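Subject: Handing over the structure

Hi there,

Here is the structure I promised to pass on to you. Have a look at it first, and then read on for what turned up in it.

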Amino acid sequence: MGLSPFRYDYCVVGAGPSGLTIAYNLLKAKKSVVLIERDNRVGGLAKSHNFAGNIFDTGPKRFHTDDPIVLDFIQEVTNGHINKISRSTKVYYLDKYFEWPLQSKDLFKMPIGTSLKCALDLLKNRTVTDKASFHQLINSKYGETLYESFFKPYTKKFLRWDVEDIHSDWATTGINRTVIDKRIKAKSLFDLFKVLLLPEKIETEFLYPTQGGFGGFYDNLLGLCRQYPDFKLILSDSIVHLTDRGESFDASTGKKEDLHFTQLIWSGNLNALSSLTNYSQTRLHYLNTIFYNIICKQEGISDHKAQWIYVSQGNSLISRITCMKEFAPYTCKEGYYNMICELTDSQSNPVYFRDPQAYQNGVLKELVSMRFLKDQRMIEAVHIIPVEDTYPIYHRRYINDFSTTAAAIKKFSKRIHLLGRCGAFWYNNSDHSIRFAIEMANRLLNGDTKEFNYRNYFG
């Protein structure tokens, strides 16, 4: 008689911030965990890449939280090897660079006509009649002038979606979060003008690892997981078949590995999970992003430096620039100033993702035209990394589509739990991912089967 196959307590799909965090917390509680990642490395959207000593994150990454539970977790994983850095963010708007949130000196950079129109917008009655409308919410807060000249072109370019079909939740989760510091108010045109006319100097500080880039944190976290004998990591693979046996699941991967586990925690693309549960009536929409990691000589960069820069022009390829040296000087070799340019693309109608190399020269030309890069000849190398499922798209029907999909998955099995940016279809950051994962681990370990309303919990 053969031995019964080993049954893990938990299978976690996706080894990003949420997946690694919940795996570690379950392991600490003496549970067995198998962690499956489709990439060849862990970290998800928080991984870092090292090209001959030049370190690139996956876009701008840092910790910014006052949650004691998250701060304790960061301390535990880093053993105190964490730096405090001051925030610096800019917006490239109307062919000029502005600090974000705006500063009083920026008032004189704006064209007089734009400034006057913004001022007149303050006097208008901007009532919201459709609470689901991104357009109406932005108009009510910032006015039609800023909507038409900034928010509309940037959002259309970034999401690759008709802006009139974008849900207002994108404003409350995406745009408001760009302010970051709770002490800084910029949630309306009135707030922006108060910041301009009655400036109050507020220094915002982030936390950033002392080595390995931001992804070094998750490499450390993986090392902590590996200390437990009941932990298994599977890379470059994914579940292709899933059967619920009532008290456990049987699964097989694309590389023909058979797995058995009691509970499934899913932080990957929800459409893939829907396929495994034989549900295909609704489809959720995600963005893809191409990251152009550019190694550049220091003398080739202008003075328009910041940790990250939003590019508002709707006809540009670049949506955001990340400057690695502004996060940590050790990420760039001596004499270099490296940057990341992001180009988003639709999954439904991809344009750039099919051949990212074809758009490299266009990205570099834009950097020159923006007066950020002095000369393309200062570029030593460009490493292109296409990444799938970087953002959920909040169109007008997304709440219904997500709710319907989640309900179908729960109907298949109540022992499936949705986690993270992709799995919970929630545009969050690393701080939220960690807190969400810790909360879910605690609830699972305590036998709490009630659905966790993380959106209300985190705001």
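Before the overall picture, one term: two residues are in contact when heavy atoms lie within 4.5 Å. With that in mind, residues 24 or more positions apart make up 71% of the chain's contacts that have a separation of 6 or more. Please keep in mind that this is a predicted model.

**The chain as a whole**

The chain has 459 residues, and 59% of them are buried. Its secondary structure consists of 14 helices and 18 strands.

**Helix α1 and its two partners**

I would start with α1, residues 17-28, which packs with α8, residues 215-225. Their axes are 9 Å apart and the angle is about 30 degrees. Angles under 35 degrees count as roughly parallel, and α1 and α8 are therefore roughly parallel to each other. The crossing in which α1 passes α8 is left-handed. On the α1 side, P17, L20, T21, A23, Y24 and L27 take part, and they meet Y218, L221, L222, L224 and C225 of α8. Sorted by class, the contact of α1 with α8 holds 10 nonpolar residues, one polar residue and no charged ones.

How many residues of α8 are buried? Eight of the 11 are, so α8 is largely enclosed by the rest of the structure. The buried set consists of G215, G216, F217, Y218, L221, L222, L224 and C225.

The other partner of α1 is α13, residues 430-445, with axes 8 Å apart and an angle of about 35 degrees. Here α1 passes α13 in a right-handed crossing. From α1, the contact uses P17, S18, T21, I22, N25 and L26, while α13 brings S430, S433, I434, A437, I438, M440, A441, L444 and L445. By class, the contact of α1 with α13 has 10 nonpolar and five polar residues, and no charged ones.

**Helices α4 and α5**

Another helix pair is α4, residues 134-142, and α5, residues 144-159. Their axes come within 9 Å and cross at roughly 135 degrees. In handedness, the crossing of α4 past α5 is right-handed. The residues making the contact are F134, H135, I138, N139 and Y142 from α4, together with E144, L146, Y147, F151 and T155 from α5. By class, the contact of α4 with α5 has six nonpolar, three polar and one charged residues.

H81 sits in the loop between α2 (68-78) and β5 (82-86). Is H81 buried or partly exposed? Its relative accessible area is 47%, so H81 is partly exposed. Leaving out residues up to four places away in sequence, H81 touches P209 and T210. H81 and Q211 are 130 residues apart in sequence, yet 8.1 Å apart in space from C-alpha to C-alpha.

R283 is found in the loop between α9 (270-276) and β13 (286-296). With a relative accessibility of 54%, R283 counts as exposed. Again leaving out residues up to four places away in sequence, R283 touches N271 and D401. Between R283 and L270 there are 8.6 Å from C-alpha to C-alpha, and the two are 13 residues apart in sequence.

Most residues other than glycine have a negative phi. Which residue in the loop between β6 (89-93) and β7 (96-99) is worth a look here? That residue is L94, which has a positive phi of about 55 degrees although it is not a glycine. L94 is partly exposed, at 28% relative accessible area.

S236 also has a positive phi, near 55 degrees, and is a residue other than glycine. S236 belongs to the loop between β9 (231-234) and β10 (239-244). With 31% relative accessibility, S236 counts as partly exposed.

Best wishes

Methods: Residues numbered from 1 in each chain as written. Predicted model: local features only at pLDDT ≥ 70, side-chain atom pairs only at ≥ 80, totals over all residues. Heavy atoms only, no water. Helix = DSSP H or I, 4+ residues; strand = E, 2+ residues; numbered from the N terminus. Buried < 20%, exposed > 50% of the residue type's maximum accessible area, 1.4 Å probe, protein only. Axes fitted to C-alpha atoms, helices over the stretch in contact; angles between N-to-C directions. Left-handed = near helix turned anticlockwise from the far one by under 90°. Nonpolar A, V, L, I, M, F, W, Y, C, P; charged D, E, K, R; others polar. Parallel < 35°, antiparallel > 145°, perpendicular 65-115°, else oblique.
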